[in-house]
Amino acid sequence: MDPLNLIYDLARGPLVWVAFAVFIVGSAAQLVRMWRLTSPPDETYVPRVKKADGKNKLPLSYRIRLSVAGSSPVTVAVTTLFHLCLVITPLFVLGHNILLDNAWRVSLCSFPERFSDVLTTVVIICAGYFLARRVFSERVRIISSFWDYLFLGLAAGPFITGYLAYHQICDYKLVITVHMLLGEAMLVAIPFTKFVHMLFFFVFRFAVASEYSLGNGKRRW
Amino acid sequence: MKKNTKGVDHRKIKNILDKNKAKIELSMKACAHCSMCAESCFLFQARNKDPRYMPSYKFLKTLGVIYKKKGKVDRVTLEEMKPILWKRCVLCTRCYCPMGIDIPYLIRTARSICRSQDVYYRYDEDA
């Protein structure tokens with residue numbers, strides 16, 4: 001059997017389920033671990049917690065101006081767009097939903113292919129912005145390591161190969177196999193590597209009370 | 001070159017690291033090295049936006065190094081961390097990480113490790 005066909009069948013079949021299983025179990029374990037790092041509010045010890053919720057917070061416009069959205073608006077806009085497209089696009093790509101339907105007879109609704117293509121392009125452009133920032137901005141370069149470039153590549157990889165596959169650039173079978181392998185690698189990597197910031201962000205920005213917390217979480221570190 | 005590990009009690013460092021392991025490990029992993037915390041440090045603003053004053057730089061070059069080496073650091077390395085931890089940070093706790101990392105806690109832990117090895121800033125002598 002052709003080795004590429006063998007890898008293709010593996011990537012399309014058992015590896016998908018392994019990747020999803022590792023992603024779901026690993027993420028659940030990490031979320032529990034993160035939650036255990038926080039404690040319930042101790043009003044006597046941290047009286048500020050009470051002030052941090054609801055009306056006693058600064059008005060939203062002040063909080064935005066004082067936060068990173070005020071100091072680096074372009075990067076915050078690009079980051080938000082990148083992460084939104086990164087999560088939403090794979091869920092609603094027609095090809096993914098067809099595979100899901102073939103396997104389980106269930107699927108989510110799908111974006112028109114042209115729209116998915118635009119979202120994919122947005123992710124690639126945003127990744128390019130992050131790469132340029134990492135290379136040319138001294139403050140980012142000084143704290144960057146090999147792993148930062150690798151993980152940026154791993155995040156952008158499935159989208160670049162997805163784009164190439166959709167536009168039938170290069171050998172389709174090879175590109176789509178690499179696309180599936182990169183996507184699976186990314187899923188597996190989320191709970192255990194730098195990608196864990198995806199989970200970390202939601203726990204600590206929403207659950208833990210602070211001046212800039214999102215939502216009204218009252219827990220503390 | 002053989003490292004100068006004389007006078008460094010690795011067990012003490014390891015104890016502090018082990019006690020705080022879960023939080024340090026997650027914080028180091030969650031740091032996306034984005035540098036967005038920079039502007040929240042008043043010293044960064046006051047020192048002409050010198051990146052060595054960024055909160056992330058400060059904890060990555062101190063606790064980050066100690067954690068990566070599992071506490072097996074030499075005295076020279078700890079001495080090099082001293083100005084980062086005391087001169088470039090006043091622990092005002094105003095630093096702000098978009099990811100939600102507790103940066104003051106990481107700096108405080110690094111200071112504890114240095115203090116456990118008798119490395120700390122003597123303002124009367126080191127100033």
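This is a predicted model: local features need pLDDT of at least 70, side-chain atom pairs count only at pLDDT 80 or more; totals for chains, interfaces and linings use all residues.
Residues are numbered from 1 along each chain as its sequence is written, and chains are lettered from A and ligands numbered from 1 in the order in which they are written.

α1(B) comprises residues 10–19 and α7(B) residues 103–116; they pack at an angle of about 160 degrees, with axes 9 Å apart. Axes are lines fitted to C-alpha atoms over the stretch in contact, and angles run from 0 to 180 degrees between N-to-C directions. The two helices are therefore roughly antiparallel, a label for angles over 145 degrees, as roughly parallel is for those under 35. On the α1(B) side, Lys12(B), Ile13(B) and Ile16(B) make the contact, and on the α7(B) side Thr109(B), Ser112(B), Ile113(B) and Ser116(B) do so; residues are in contact if their C-beta atoms, placed from the backbone, lie within 7 Å. By class, three of these residues are nonpolar, three polar and one charged (Ala, Val, Leu, Ile, Met, Phe, Trp, Tyr, Cys and Pro count as nonpolar, Asp, Glu, Lys and Arg as charged, and the others, Gly among them, as polar).

Chain B as a whole has eight helices and zero strands, where helices are DSSP runs of H or I with at least four residues and strands runs of E with at least two. The C-alpha trace of chain B spans about 40 × 35 × 25 Å along its principal axes. Its radius of gyration, 14 Å, agrees with the value near 14 Å for a compact globule of 127 residues, the rule being 2.2 Å times the number of residues to the power 0.38, over C-alpha atoms. Buried residues make up 43% of chain B. The C-alpha atoms of Lys49(B) and Glu39(B) are separated by 8.2 Å, although the residues are ten apart along the chain.

Chain A has twelve helices and zero strands. Its C-alpha trace spans about 70 × 40 × 35 Å along the principal axes, and 26% of its 221 residues are buried. Within this chain, α2(A) and α11(A) (residues 172–189) pack at an angle of about 20 degrees, with their axes 7 Å apart. α2(A) is thus roughly parallel to α11(A), and their crossing is left-handed. Leu15(A), Val16(A), Ala19(A), Phe20(A), Val22(A) and Phe23(A) of α2(A) meet Glu184(A), Leu187(A) and Val188(A) of α11(A). Eight of the residues in this contact are nonpolar, none is polar and one is charged.

The two chains also touch each other, in a contact that takes 25 residues from chain A and 22 residues from chain B. On the chain A side, α2 (14–37), α5 (68–71), α9 (138–141) and α12 (197–206) each give two or more residues. α12(A) gives the most, with five residues. This side of chain A has 13 nonpolar, six polar and six charged residues.

Definitions and conventions. A residue is buried if 20 or more other C-beta atoms lie within 10 Å of its own, exposed if 12 or fewer, and partly exposed in between; C-beta atoms are placed from the backbone. Angles under 35 degrees count as roughly parallel, over 145 as roughly antiparallel, 65 to 115 as roughly perpendicular and the rest as oblique. A crossing is left-handed if the near helix is turned anticlockwise from the far one by less than a right angle, and right-handed if clockwise.
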